[in-house]
Amino acid sequence: MNEITPVTNAAAAVAPKTPTLPDAQTVTEVKHWTDRLFSFRMTRPASMRFRSGEFVMIGLMGDVNPKTGKQKPLLRAYSIASPSWDEELEFYSIKVQDGPLTSKLQHIKVGDEVILRPKPVGTLVHDALIPGKRLWFFATGTGFAPFASLLREPQTYEDYDEIVITHTCREAGELTYGRELIESLKDDELLNEVIGEGFWKKIKYYPTTTREESAKMGRITDLMKSGEAFKDLGVEPLNPDTDRAMICGNLAFNLELKDMFEEYGLEEGANSKPAHYVVEKAFLD
Ligand code: A2P
């Protein structure tokens, strides 16, 4: 259940294919992390620009309508997990066995086509926050995706002295995608050169599980309320003078954190009115 299924394919092995679907892109890599989670990479349209942390609509063609004989695209919002400078696009997805899209999407293979509407939007962007010293990323489950983008975005380290990433999942295996991504930053020659050698030392990673034994158990919200998370991390509770935050998780999590932030005195920001924190919901099937 918690081991990584090695289904990686080398991007180099993919022969370019002429897209046959509207806005089609070609899958270049698929990795299955658990029986509930997978990530994949695909080609990126040359003209597509986005800000790290944004999301796009992606999907597949739906079933043929027996009455009309026609097929319609089945699209869902997905946070882009790759940074804005990456020449490909990466996504991190849940697998829902009876989900209209992910029941099919989980079976994609290298060389397959995925529909991408190249119109990125979203609030988990640096532009929606006012300057601060410490940036917090709060994720549950696949809510880690936009932070996988922002953790590889040079501006994150240019704008802040410290980055704290908390990730709460049910089981330990669900943390692997995020943990490996953070580990890989240490050896990323390009980022160490562009941002500065040892940039990754600014990251404090705080993974927790709620339904399976791990080094740290509990919901991040409870661990913050009790003060345990701040003690473990060696930082003070969030404060509007120094702290900025981005939230991406399930609805109950987003709402609970919002309430907590308002108590800390933080105000919600938006692209049109930057402030102390921003919220996005994880996009589940
Ligand atoms: P729990 O197992 O206690 O429900 P899900 O898979 O349901 O989206 O949940 C992902 C993770 O988010 C789980 O570890 C879950 O904990 C946690 N979670 C769910 N709701 C909240 C909440 N309101 N505050 C903090 N964590 C939450």
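Colleague: Hi! Which space is taken by the ligand?

Modeller: Hello! In this predicted model, the ligand takes up the largest pocket. About 540 Å³ of space lies in that pocket.

Colleague: Nice. How many residues line the largest pocket, and which lie nearest its centre?

Modeller: The lining has 22 residues, and those nearest the centre are Thr140, Gly141, Thr168, Arg170 and Asn250.

Colleague: And which elements supply at least two residues each of that lining?

Modeller: Those are β8 (162-169), α6 (220-225) and α8 (251-264). The biggest contributor to the lining of the largest pocket is α8, which gives three residues.

Colleague: How does that lining split by class?

Modeller: For the largest pocket, the lining holds eight nonpolar, eight polar and six charged residues.

Colleague: Okay, on to the ligand. Which residues come nearest to the ligand?

Modeller: There are 13 residues around the ligand, and Arg170, Thr210, Arg211, Arg219 and Glu256 come nearest. Arg170 also turns up among the residues nearest the centre of the largest pocket.

Colleague: What does the side chain of threonine 210 have 2.6 Å away?

Modeller: An oxygen atom of the ligand, at that distance from an N or O atom in the threonine 210 side chain.

Colleague: And how about glutamate 256, what is the distance there?

Modeller: An N or O atom of the glutamate 256 side chain lies 2.9 Å from a nitrogen atom of the ligand. There is a backbone case too: a polar backbone atom of phenylalanine 253 is 3.4 Å from a ligand nitrogen.

Colleague: What share of the ligand's area does the protein bury?

Modeller: The protein buries 85% of the 560 Å² that the ligand exposes when taken alone.

Colleague: Which element has the largest share of the shell around the ligand?

Modeller: That would be α8, with three residues. Both β8 and α8 supply at least two residues each of this shell. By class, the shell around the ligand divides into three nonpolar, five polar and five charged residues.

Colleague: Changing topic: how much space lies in the second largest pocket?

Modeller: About 280 Å³. Its lining has 15 residues, with Arg41, Glu90, Arg152, Leu181 and Ser184 nearest the centre of the second largest pocket.

Colleague: Which elements give two or more residues to that lining?

Modeller: They are β1 (24-32), β2 (37-43) and α4 (176-186). Of the elements, α4 gives the most to the lining of the second largest pocket, with four residues.

Colleague: Last one: how do the residues of that lining divide into nonpolar, polar and charged?

Modeller: The second largest pocket has five nonpolar, two polar and eight charged residues in its lining.

Definitions and conventions
Residues numbered from 1 in each chain as written. Predicted model: local features only at pLDDT ≥ 70, side-chain atom pairs only at ≥ 80, totals over all residues. Heavy atoms only, no water. 1 Å grid on protein atoms, 1.4 Å probe; cavity = no way out; pocket = protein on both sides within 12 Å on 5 of 7 lines; lining within 4 Å. Points joined across faces, edges and corners; volume = space filled by probe spheres on them. Nonpolar A, V, L, I, M, F, W, Y, C, P; charged D, E, K, R; others polar. Near = heavy atom within 4 Å. Polar contact = N/O pair within 3.5 Å; in protein donor to acceptor, adjacent residues only side chain to side chain. Areas by Shrake-Rupley, 256 points an atom, 1.4 Å probe, with all protein chains shown as cover. Sits in = over half its atoms within 2 Å of the grid points.
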